[in-house]
Number of protein chains: 2
Amino acid sequence: MKLYVVGFGAGNRDGMTAAAEKAILSSDLIVGYTTYIKLIKAIFTEKEYASTEMTRERDRVILAFDEAQNGKTVSLICSGDSGVYGMAGLVYELSEKYPQIEIEIVAGVTAALSGAAVLGSPLTNDFAVISLSDLLTPWNKIEKRLECAAMGDFAVVLYNPSSKKRSDYLLKACDIMLKYKDENTVCGYVKNIGRQGQESGLLTLSELRNMTVDMFTTVFIGCSETKIIGGKMVTPRGYKDV
Amino acid sequence: MKLYVVGFGAGNRDGMTAAAEKAILSSDLIVGYTTYIKLIKAIFTEKEYASTEMTRERDRVILAFDEAQNGKTVSLICSGDSGVYGMAGLVYELSEKYPQIEIEIVAGVTAALSGAAVLGSPLTNDFAVISLSDLLTPWNKIEKRLECAAMGDFAVVLYNPSSKKRSDYLLKACDIMLKYKDENTVCGYVKNIGRQGQESGLLTLSELRNMTVDMFTTVFIGCSETKIIGGKMVTPRGYKDV
């Protein structure tokens, strides 16, 4: 009885690891959020799928465990990495009721990495990853983390930078960043990474403050050393003079 | 004229993306640090390789550019992700002399993600990635980042936690963490991720302080919510009661 928790990367076959592909191919059932199932079904057309809506994370994990308990090999799929804001944590939290099921986490390329590759090399030194979604983390804790990341001069990657209910969260985050980072700090965004309609751009922190982004966008805020070279966002690491 | 900057993941074929494999297979020459060339040569035995020593990063990048300039398709390879403490930054820094060469960054699964999958799910909420190597970043800046990451209650991943010359850096880093994090904070380490001799373990922050690790080890320090479930290191994200 086996449950794979698979990060499939951005959503195209090229960005998937061989391990993710093997897990999916060896599974009797693939479980995931509707949007992700559509992406994976387009690649692996012959498999059996079961999907649940966005906010039904707990139901989705229990469905996956129950089907594994019934003897199926199951892959629970997540975009990006299954561990970074993915389902791996909840799987372990709910695993105690299913002691016979072997769990295997299959890591994938999270949006911080696939988005960075589109923009250039923004994360080549220390960085922090922060989600602006306060559905699962209180906003005051998110604010504290934004403040500390800015104070430490980290390059910062923002996941879930906006949604209908939280249209001003990116603006609020930028205002916190501006307490420590220069208004001309190099920033970038990538929308629909590795998917149809991919868009990206570079801008300053003060421009980012006034930008409207959607929930399919990943935002990158440079550290004090980040610069633009040939249209790319680059955080150097001091190798140049080695 | 094309230069791929390829992150090949932990070092086994399963952890590699299809894009990384394609880039390597389509290249006339693979350039990298000796240890990495050995790993990749074992997988793709028929390719042409050129290697340089660990600290010769600049030479390695120039070699890759020069060979691409001569008309070869070249892959410059890095373990993990090519953007996270990898060669992508230096490639852009040196790219201005080679305007005709098309650069493509191929993202990979960095040790934070592949190591997390071994330990469980330590990075399922906000996290910071910090290298303890002061070869390229001044130590006082590293200390500041450690302090800010601990103050923000981030889960923290430490790269390059030790070396012969820096045997007490992990201890120093833990002492900074202990100013803000409880001594019983759940921590973990993974050595030789995805390679022969992989080892991992969980321990408390005060135990980690007194541990000796090598440069092939990646260290994980939990946030205040990180716990152990069934022998795994798990950072919950609040889904459980959704």
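Start by selecting strand S7 (residues 127–131) in chain A and strand S7 (residues 127–131) in chain B: the two run antiparallel and are joined by 3 bridges. This is a predicted model. Within this pairing, select Phe127(A), which stands opposite Val129(B) in S7(B).

Next, show both chains whole. Chain A superposes on chain B by a rotation of 180°, with 0.0 Å of shift along the axis and an RMSD of 0.0 Å. That is the relation of a two-fold axis. The same surface serves both copies, since 100% of the contact residues of chain A recur in chain B.

Now select the contact residues on each side. There are 70 residues of chain A in contact with 70 residues of chain B. Between the two chains an area of about 6200 Å² is buried, and carbon and sulfur atoms give 59% of it.

Turn to the polar part of this interface. Between chain A and chain B, 30 residue pairs are in polar contact, with both residues at pLDDT 80 or more. Then select helix H6 (residues 139–151) of chain A, which gives the most to the side of chain A that touches chain B, with 6 residues. Colour that side of chain A by residue class: the residues divide into 30 nonpolar, 22 polar and 18 charged.

How many salt bridges cross the interface of chain A and chain B? The rule finds 12 there. Over all chains, the count by this rule comes to 32 salt bridges.

Two of these pairs can be picked out by name. For one, select Asp153(A) and Lys141(B), which form a salt bridge with their closest N and O atoms 2.7 Å apart. For another, select Lys22(B) and Asp14(A), a salt bridge whose closest N and O atoms are 2.6 Å apart. Lys22(B) lies in helix H1 (residues 18–25) of chain B, while Asp14(A) lies in the loop between strand S1 (2–7) and helix H1 (18–26) of chain A, so the pair joins two chains.

To finish, return to the view of both chains and find strand S7 of chain A and strand S7 of chain B again, running antiparallel.

Conventions. Residues are numbered from 1 along each chain as its sequence is written. Chains are lettered from A and ligands numbered from 1 in the order in which they are written. This is a predicted model: local features need pLDDT of at least 70, side-chain atom pairs count only at pLDDT 80 or more; totals for chains, interfaces and linings use all residues. Side-chain values use heavy atoms; hydrogens and water are left out. Copies are superposed by least squares on the C-alpha atoms of residues with pLDDT of at least 70 in both. Contact means heavy atoms within 4.5 Å. Buried area is the accessible area (1.4 Å probe) that two parts lose on being put together, summed over both. A salt bridge is a side-chain nitrogen of Lys or Arg within 4 Å of a carboxyl oxygen of Asp or Glu. A polar contact is a pair of N or O atoms within 3.5 Å; within protein, one must be able to donate a hydrogen and the other to accept it, and residues adjacent in sequence count only if both atoms are side-chain atoms. Helices (H or I, at least four residues) and strands (E, at least two) are DSSP runs, numbered from the N terminus. Ala, Val, Leu, Ile, Met, Phe, Trp, Tyr, Cys and Pro count as nonpolar, Asp, Glu, Lys and Arg as charged, and the others, Gly among them, as polar. Two strands pair if DSSP finds at least two bridges between them.
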